[in-house]
Amino acid sequence: MEISPIQDLKITPDIVQPYPDPSVGREGVIVIDNGSFNCRAGWMLKEKPALIFRNMLAKPRKDRNKKDVDVATVPVTQIGNDIVNIEALRLQLRTQFDRNVVTHYNVQEQIFDYIFTKLGINSENGVPHKIMITESLFNPNYCRGLMSELLFECYDVPGLSYGVDSLLSYYSNQRAKNGLIIATGFHTTHVIPVMDGRMVVQNVRRINIGGSQMIAFLHRCLQLKYTFHINAITLSRSEVLLHKYGEFAYDYMEALRNWASLEYYEKNVKKIQLPYSQTAAAPTLTNEQKFEKKKELSRRLVEINARRREERLAQDEELLMQLQQLEESAEDGDDIREALAEHSLKDAGELKRMIGTVNSRIDKTRQKMNAPIAGSSSQPIPADTDKLMQPPSNMSIVEWVEETRRKRDAIIEKRQVRRQRKQDLAKRRTAAAQERMRIISHLARKEKGSDDFGIRDEDWDVYKQISRDEDSDNENENERLLECEIILKQYDATYEDPLLAMSGSAAELYQLHVGVERIRAPEILFQPSIVGSCEAGLAETIDFVLKLFHAEQRSCLVENIFLTGGCAKIRGFKERLSREMKEMLPFEARFDIETARDPVLDGWNGASKFCLTETFRQSLITRQLYEECGGEYMKEHGNGNPTIVSVVSA
């Protein structure tokens with residue numbers, strides 16, 4: 001399967017445009033599509049905007065540690081495409097938007113400075129050009145008033161007009177007078193019915209789900225799936241993955257069942273390679289080198305086990321000597337009750353049994369120490385293939401291999417259980433830790449009412465007594481596991497050496513498998529409950545809006561469904577919406593769904609075309625009207641917001 005490298009956002013800094021533009025002149029209108037994700041600005045009559053940049057700025061904080069500097073250095077504010085690496089300045093990013101409404105006009109002023117500077121405007125007293133700017137649907141009058149105040153008072157523009165990007169995109173594509181606009185934005189999605197070329201204001205509905213929620217959800221899903229690469233999975237990379245691999249499922253539940261199939265998963269999963277640093281000592285080893293390396297590891301393991309056996313043998317011999325002295329003292333008639341209590345023994349009979357146990361343990365340890373020494377002191381360790389092990393006489397080779405595999409799996413499972421138990425013991429409130437403390441307190445108890453554990457050095461031998469048997473089991477397990485692996489390597493062709501498997505390609509450890517996440521992230525537009533939102537999805541909202549109209553008007557609306565906005569570019573959106581419309585409309589009802597020619601730029605293109613019309617000149621707010629009627633004043637037109645009178649309380 002093809003592995004694609006991860007793609008970061010490629011940002012190229014904007015250059016200063018020549019001014020005045022010969023094709024526009026000094027009377028040209030500046031068109032600004034002030035979106036909450038991207039800002040598009042340029043001159044009217046152009047095929048595309050001159051500037052397209054992320055609508056945000058990065059303002060570093062002052063370094064408070066540098067107090068002794070004579071001249072205070074002002075941090076450089078980066079705006080738009082000047083921010084080459086967004087993730088490096090993620091915590092310093094600022095935007096003028098609260099969702100899709102402009103509320104921070106100090107940031108908006110710096111964005112305007114960036115736009116006018118990059119367009120090359122170098123006039124001294126202001127910006128001598130009319131401005132056509134977009135605003136959010138049903139933008140509050142107070143916010144519009146502050147925007148007008150900023151442009152007229154700070155930049156002294158000669159005229160200003162407002163429009164809505166989704167309506168301008170509808171106008172740019174020259175759609176019919178009746179239709180239903182589905183405008184998918186970065187923070188919100190709007191369902192806008194249009195009748196007789198005018199927006200039906202009272203029937204417009206909004207969903208607070210957009211591209212930002214999809215990106216954040218995909219980002220979180222991938223981080224939870226690959227916790228080891230949590231820092232490498234950034235919002236910028238998640239944005240690229242969403243637009244490149246995301247898609248709307250035609251039938252979401254059926255798609256989930258398909259992704260549960262291993263065959264479908266292997267066929268459709270997208271493997272993304274994260275950047276990683278290849279270690280210098282990574283040449284591929286030959287079979288002889290691999291064998292020598294493993295033989296060296298085996299030799300080290302033998303040495304470690306031999307050292308542990310010697311330490312344990314010395315401890316057992318010392319313990320045996322103490323126990324034998326106690327036995328001799330008991331034969332002489334001395335009182336040994338206190339000495340027996342120190343060794344957690346009750347009477348002389350238990351002392352004899354303890355002596356026998358320690359003796360047998362010493363004999364076993366000496367046998368283990370002498371066996372490998374006799375064969376390895378003068379001879380090299382033979383290869384695994386030199387000595388072919390034979391199955392028992394009462395078992396066939398197949399049965400022997402199966403039995404060996406079961407034994408190996410049982411040993412590995414036992415190790416995992418022991419490892420989990422150690423993790424539980426590290427936590428105070430687990431049942432395993434509480435049981436361990438109960439055993440320790442029981443072994444350390446001397447007499448009723450005494451609490452002097454830890455005063456004597458021999459008190460701490462309790463921990464050795466608890467862990468001694470477990471260490472012995474570990475050694476036996478290592479030997480049995482090594483024997484099982486030798487048998488499987490000799491007789492089982494499907495067996496893979498875990499040491500060689502772990503030393504595979506490092507690139508595989510830095511891969512993202514983007515599978516069901518491709519459809520989960522966009523699905524929140526139709527099912528907001530996936531991200532915990534209690535709002536209705538897009539299909540339910542469209543159904544609700546259509547039921548607000550009569551049957552004849554409803555048929556006119558569904559025959560011209562228009563998709564615009566950045567999320568309309570995600571694959572499968574039109575097909576998924578077609579399926580939802582078939583379910584909500586009567587049998588064999590006619591409907592038509594069309595996507596904008598350019599869902600992202602058609603808002604700016606529509607505003608550019610609108611500047612050539614007589615309606616634009618009539619809707620223009622001049623400096624005189626601004627001073628006479630105030631900043632909240634606006635003139636209605638078919639591509640903008642309706643006039644809503646602000647209620648002033650007495």
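Q: What do the side chains of Glu254 and Arg257 meet in?
A: A salt bridge, with 2.9 Å from N to O. Keep in mind that this is a predicted model.

Q: Where do Glu254 and Arg257 sit relative to each other in helix H6?
A: They are three residues apart in helix H6, so about one helical turn separates them.

Q: Is Arg257 buried or exposed?
A: Arg257 counts as exposed, at 51% relative accessibility. Glu254 has 35% and counts as partly exposed.

Q: What about Arg617 and Glu614, what do their side chains form?
A: The side chains of Arg617 and Glu614 also meet in a salt bridge, at 3.0 Å from N to O. Both residues lie in helix H20 (residues 614-619), three residues apart, about one turn of the helix. Arg617 is partly exposed at 47% relative accessibility, and Glu614 is partly exposed at 43%.

Q: How many salt bridges does the structure hold?
A: There are 23. One of them pairs Arg579 with Asp251, where the closest N and O atoms are 3.7 Å apart. That pair links distant parts of the chain, 328 residues apart: Arg579 is in helix H18 (residues 573-584), and Asp251 is in the loop between helix H5 (235-245) and helix H6 (252-259).

Q: Is Arg579 buried or exposed?
A: Buried, with a relative accessible area of 17%. The cut-off for buried is under 20%, so 17% qualifies. Asp251 is partly exposed, at 29% relative accessibility.

Q: Which residues are linked with Arg579 and Asp251 in a network of salt bridges?
A: Glu523, Arg576, Glu580 and Glu583 are in that network along with Arg579 and Asp251.

Q: Changing topic. In what order do the three strands S5, S6 and S7 form their open sheet?
A: The order is S6-S5-S7, and the pairing is antiparallel. Strand S6 (78-79) and strand S7 (93-94) stand at the edges with a single partner strand each, so one side of each has no neighbour in the sheet.

Q: How many bridges join S5 to S6?
A: Two bridges join strand S5 (residues 57-58) to S6, and these strands run antiparallel. Leu57 has Ile79 in S6 as its bridge partner.

Q: Now Thr564. Which strand is it in?
A: Thr564 is in strand S18 (residues 561-565). Thr564 counts as buried, at 4% relative accessibility.

Q: What is Thr564 in contact with, leaving aside neighbours within four places in sequence?
A: Its contacts are Ser166, Ser169, Ile181, Ile182, Ala183, Thr184, Ala596 and Pro599.

Q: Which residues touch the most other members of the largest nonpolar core?
A: Ile182, Leu538, Ile542, Ile561, Phe573, Leu577 and Met581, out of 46 residues in that core. Helix H4 (residues 211-225) gives the most to this core, with six residues.

Q: And what does Ile561 contact, again leaving aside neighbours within four places in sequence?
A: Ile561 is in contact with Leu180, Ile182, Leu577, Met581, Asp592, Ile593 and Glu594.

Q: How many residues are in the second, separate core?
A: That core has 39 residues, including Tyr19, Val102, Val107 and Leu119.

Definitions and conventions:
Residues numbered from 1 in each chain as written. Predicted model: local features only at pLDDT ≥ 70, side-chain atom pairs only at ≥ 80, totals over all residues. Heavy atoms only, no water. Pairing = 2+ DSSP bridges. Helix = DSSP H or I, 4+ residues; strand = E, 2+ residues; numbered from the N terminus. Salt bridge = Lys/Arg side-chain N within 4 Å of Asp/Glu carboxyl O. Buried < 20%, exposed > 50% of the residue type's maximum accessible area, 1.4 Å probe, protein only. Contact = heavy atoms within 4.5 Å. Core = buried A, V, L, I, M, F, W, Y, C linked by side-chain atoms within 4.5 Å.
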